Amino acid sequence: MKRIFTAVVTTLALTAPAFGQDVVRVATEGAYPPFNYVDANGELGGFDVDIAKALCAAADLTCELVAQDWDGIIPGLLAERYDMIVASMTMTEERAQVVDFSDKYAQVPQHFVMSDALGASVDASGDGIDALKTALNGKVIGLVAATAAEPYVRDTFGNSVTYRSYQKMEDALQDLVAGRIDAYADGAIPITESFLSTPDGNGFRLAGAALSDPSYFGLGNGIAFRQADDALREKINAALAQIIADGTYAKINDQYFTFNVYGE
Amino acid sequence: MTSLIQYGPLLLQGFAMTLLVSLAAFGVAIVLGLLGAWAKISGGRIARSIAGTYTVVIRGVPELVLILLIYYGLPSVVQNGVRYLGGEAFARFRLDFDPFTAGALTLGLIYGAFATEVFRGALQSVPRGQIEAGRAYGFHGWRLARQIVLPQMLRFAISGLGNVWLVLVKATALISAIQLTELMRTAELGAANTREPFTFYLAAAAMYLAITIASLLALRAAERWAFRGERAVA
Amino acid sequence: MNVETMIDAVPRLFDGLGVTLLLAGVTLILGLIFAIPLGVIRARGSRLLSAVIQVYTFCFRGTPLLVQLYLIYYGSGQFRPELEAAGFWWFFRDPWNCAFLGYTLSTTAYTTEIIRGAILAVPRGEIEASIAFGMGPFTRLRLVILPQAFGYALPSYSNEVVFQIQATALVSLITLPDITGIATVLANRTYQHYELYLTAALFYLVLVYAVLLVLKAVEARLTRHRRAH
């Protein structure tokens, strides 16, 4: 029985490259510009993509980039479809229970975006999260599935608002412009770069304080690995320190941002 | 319109991928359908109950949920099972499907259940007399199946298989959820990048409709060919 | 397999079941109401009208439902200024309306063709007999053709009901929290996708076969007279 089993599995293994880990596969989303996006040729690009390439070069690894929708990105890592996620992932506690994170490599604050008028009513309602709660009471809030903001907003606002769940940021932003949702919470940098700074973003702005509860938003953005994969994680951490020290990080940073995305 | 031209090549690639994955999935579905129909008609009790459960479950659960279930669940279950049974030697075994294979297998598995019912119905439509006549002429086993049962059965199966194919092509739109860059996914990409969703989804709809029309024409020709003998008699 | 996750999910999934049932129920009823006259025209109406309806049913049956839903939901956003000017935007603004519209258009297309087929299956002799009895076209339709056609249509229509229930699983892709949508939300927090989609699948399985059971009973009642012979 065992021999038959071995034979069958070996055949399977030969037909699919199932063993070994010569190539490190790196997943990113491709719908979070300027961090990661897919262009008109179907190619992946963005800050995360360049950082991933720089890290692989510094760690002397052969890497292969794959695009993966956001709500399946951690399950895909756990299922070993790829070995690490470089997608500006916020290092939240919920995620840290199932994956291990690298050292921080960026800091993307989380914010609500809404119309100028609604933003003004947030400002008028005071400070902090309570101002947002007051102003958004009874409103419709958009969230992208499996983002750091999703559990925080659902837990914080409870039944006082209506939720709409999207697959990717762009869909939610389109619906914000269309007036289908009143507010949307996600990373402030992608919202600014891909929306507020474009003509479509006229009449909209970030409002209220940054969402910063550390138990939901952790301490910055990191690269995710499977929990047993300490060897790869340590290699990448060393590579990260190296590209920061030798100026590669700064060079990539300046291609995409006018400020230091690494944060404090 | 300019955006459509810019994204045209990508959409066409997606269109080609939709056709390819549909064909591959259809192949899988036919194989599973033949196996399922054989199990239901002449299999033993175990084969019958496996085939029965297969069709009941697949027909009772939405395609999207099945796709998500298979995509998120099946590789891990198989992978962990192999590692558990295989011990040390298989500790690093990885069931690794690219999105194309995953999509073709998933859709094939789903539509294999529908093909099972088509083949079962078609097999039962083959007149018993023909099989008995074949036996009387000394045809047995594989020869009986290949030269008498299968050609007859295929005629009755064509229209049902045509329906399975048409539904399958439309269902490929759902496997953009498993990362295959097919037509729907390229349309979503164009819609998001240009903020012209109507333009891109309309273009995608037109391309799916083109596949449907071409398939219906081919199906009609196939039916005419398969029943050419009938008409001569009548 | 984490059974606890699955049990914990059940009450939440019942919320989703409400959305699924509401959507499937309302659109199936609307679809049937629209499909009966359309099906009659397809089978017995003027050539031109029948052709126009055929273009509609062909387009909706020949393209994926997901594309139709995206066209209506995301596509309408592209024409918001025009729709606002025309006074229609309030309708498209709400995802519920878009879902009702999309699913009704889809099921109406399929049901229309089912009814057409069933009407054409009514034996000519019965129609000729009713003409001989001096029935007008409307009475004939009401008393002879349609009651018979419903009997013929029921097996195909049962399939359509099941397909429509299953098709509602796509509505989470235009933001509404049905069974599948809630399973996804829960999966995204617990990372137990397999368990949650399995629970969702069980919900659909029970729902679909319960509905089929009811439809079988209805079918048995409607076709009593045929078996009696």
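User: How do you know what share of chain C counts as buried?

Analyst: A residue is buried if 20 or more other C-beta atoms, placed from the backbone, lie within 10 Å of its own; it is exposed if there are 12 or fewer, and partly exposed in between. Of the 229 residues of chain C, 46% count as buried. This is a predicted model, in which local features need pLDDT of at least 70 and side-chain atom pairs count only at pLDDT 80 or more, while totals for chains, interfaces and linings use all residues. Residues are numbered from 1 along each chain as its sequence is written, and chains are lettered from A and ligands numbered from 1 in the order in which they are written.

User: Why is Gln68(A) called buried?

Analyst: Gln68(A) has 22 C-beta neighbours inside 10 Å, and therefore counts as buried. Gln68(A) lies in the loop between β5 (62–67) and α3 (73–78) of chain A. Two residues are in contact if their C-beta atoms, placed from the backbone, lie within 7 Å. Leaving aside neighbours within four places in sequence, the contacts of Gln68(A) include Ala27(A), Glu29(A) and Gln179(B). The C-alpha atoms of Gln68(A) and Ala31(A) are separated by 9.5 Å, although these residues are 37 apart along the chain.

User: Which elements does chain C contain, and what makes a run of residues an element?

Analyst: Helices (H or I, at least four residues) and strands (E, at least two) are DSSP runs, numbered from the N terminus. Chain C has 11 helices and 0 strands. Its C-alpha trace spans about 70 × 55 × 25 Å along the principal axes.

User: Why are α6(C) and α8(C) called roughly antiparallel?

Analyst: Two packed helices are described by the angle between their axes and the distance between the axes. Axes are lines fitted to C-alpha atoms, for helices over the stretch in contact, and angles run from 0 to 180 degrees between N-to-C directions. The axes of α6 (residues 95–121) and α8 (residues 137–167) of chain C come within 8 Å and cross at roughly 150°. Angles under 35 degrees count as roughly parallel, over 145 as roughly antiparallel, 65 to 115 as roughly perpendicular and the rest as oblique. The two helices α6(C) and α8(C) are therefore roughly antiparallel to each other. Among the residues making the contact are Tyr103(C) and Ile114(C) of α6(C), and Ala149(C) and Tyr157(C) of α8(C).

User: What makes β10 and β12 of chain A edge strands?

Analyst: Two strands pair if DSSP finds at least two bridges between them. Five strands of chain A form an open sheet with mixed pairing, in the order β10-β9-β11-β8-β12. In chain A, β10 (162–166) and β12 (204–211) each have a single partner strand, so one side of each is left without a neighbour in the sheet. Strand β8 (residues 110–115) of chain A pairs with β12(A) in the antiparallel sense over 5 bridges, and Phe112(A) stands opposite Ala207(A) in β12(A).

User: What makes a set of residues a nonpolar core, and which residues have the most contacts inside the largest one?

Analyst: A nonpolar core is a set of buried Ala, Val, Leu, Ile, Met, Phe, Trp, Tyr and Cys residues joined through C-beta atoms within 7 Å. The largest has 198 residues, and those with the most contacts inside it are Val65(B), Ala204(B) and Tyr197(C). Helix α4 (residues 99–125) of chain B gives the largest share of this core, 12 residues. Val65(B) touches residues of chain C, including Ala169(C), Tyr197(C) and Tyr204(C).
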